[in-house]
Amino acid sequence: MITLSCPWCGPRNVTEFAYGGESGARPDPATATPQPWRRYLYTNANPAGPVTETWLHRAGCRRYLVVERDTTTNEILAIRRPGGAPSTSARHATTGRATEQRP
Ligand SMILES: [Zn+2]
């Protein structure tokens with residue numbers, strides 16, 4: 001079982017979450033043309049290795065969270081709130097869990 005640790009709710013089964021895609025800089029709505037929006041919405045780099053993703057805790061607090069995950073091992077490297085500083089999370093390679101460390 002893979003467990004994700006929601007920054008608000010704590011550890012939960014991954015089935016409570018929805019994948020929201022790779023995180024990236026959102027185009028400025030005031031100045032962006034359709035091409036940057038198309039690239040932002042539909043194009044993913046899909047790298048092998050560490051990637052930063054957006055997830056939604058759909059069956060819990062319904063808030064978005066940022067997950068750093070290694071796509072080759074499915075290891076969760078860190079989880080944090082959107083806009084938050086990168087956390088130094090404990091790694092749980094065998095379960096795919098990460099626990100946010102708070103100061
Ligand atoms: Zn939550």
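The legends below describe several close-up views of one predicted protein model.

Residues are numbered from 1 along each chain as its sequence is written. Because the model is predicted, local features need pLDDT of at least 70 and side-chain atom pairs count only at pLDDT 80 or more, whereas totals for chains, interfaces and linings use all residues.

**View 1. The protein has one helix and eight strands.** Along the sequence these elements follow the pattern β-β-β-α-β-β-β-β-β, where helices (H or I, at least four residues) and strands (E, at least two) are DSSP runs, numbered from the N terminus.

**View 2. Four strands form an open antiparallel sheet in the order β3-β4-β5-β6.** β3 and β6 stand at the edges with a single partner strand each, so one side of each has no neighbour in the sheet. Neighbouring strands of this sheet are turned by 35 degrees against each other on average, direction ignored; the axes are lines fitted to C-alpha atoms, for helices over the stretch in contact, and angles run from 0 to 180 degrees between N-to-C directions.

**View 3. Strand β4 (residues 50-56) pairs with β3 (residues 18-22) and is also joined to β5.** Two strands are said to pair if DSSP finds at least two bridges between them. The antiparallel pairing of β3 and β4 extends over three bridges, and alanine 18 stands opposite leucine 56 in β4. Between β4 and β5, which also run antiparallel, there are seven bridges, and here threonine 52 stands opposite glutamate 68 in β5.

**View 4. The largest nonpolar core holds nine residues, among them Trp55, Leu65 and Val67.** Such a core is a set of buried Ala, Val, Leu, Ile, Met, Phe, Trp, Tyr and Cys residues joined through C-beta atoms within 7 Å, and a residue is buried if 20 or more other C-beta atoms lie within 10 Å of its own, exposed if 12 or fewer, and partly exposed in between, with C-beta atoms placed from the backbone. β1 (3-6), β5 (64-70) and β6 (75-80) are the elements that give two or more residues to this core.

**View 5. Tryptophan 55 and its contacts.** Leaving aside neighbours within four places in sequence, tryptophan 55 is in contact with Phe17, Ala18, Tyr19, Gly20, Leu65 and Val67, contact being C-beta atoms, placed from the backbone, within 7 Å.

Methods. Two residues are in contact if their C-beta atoms, placed from the backbone, lie within 7 Å.
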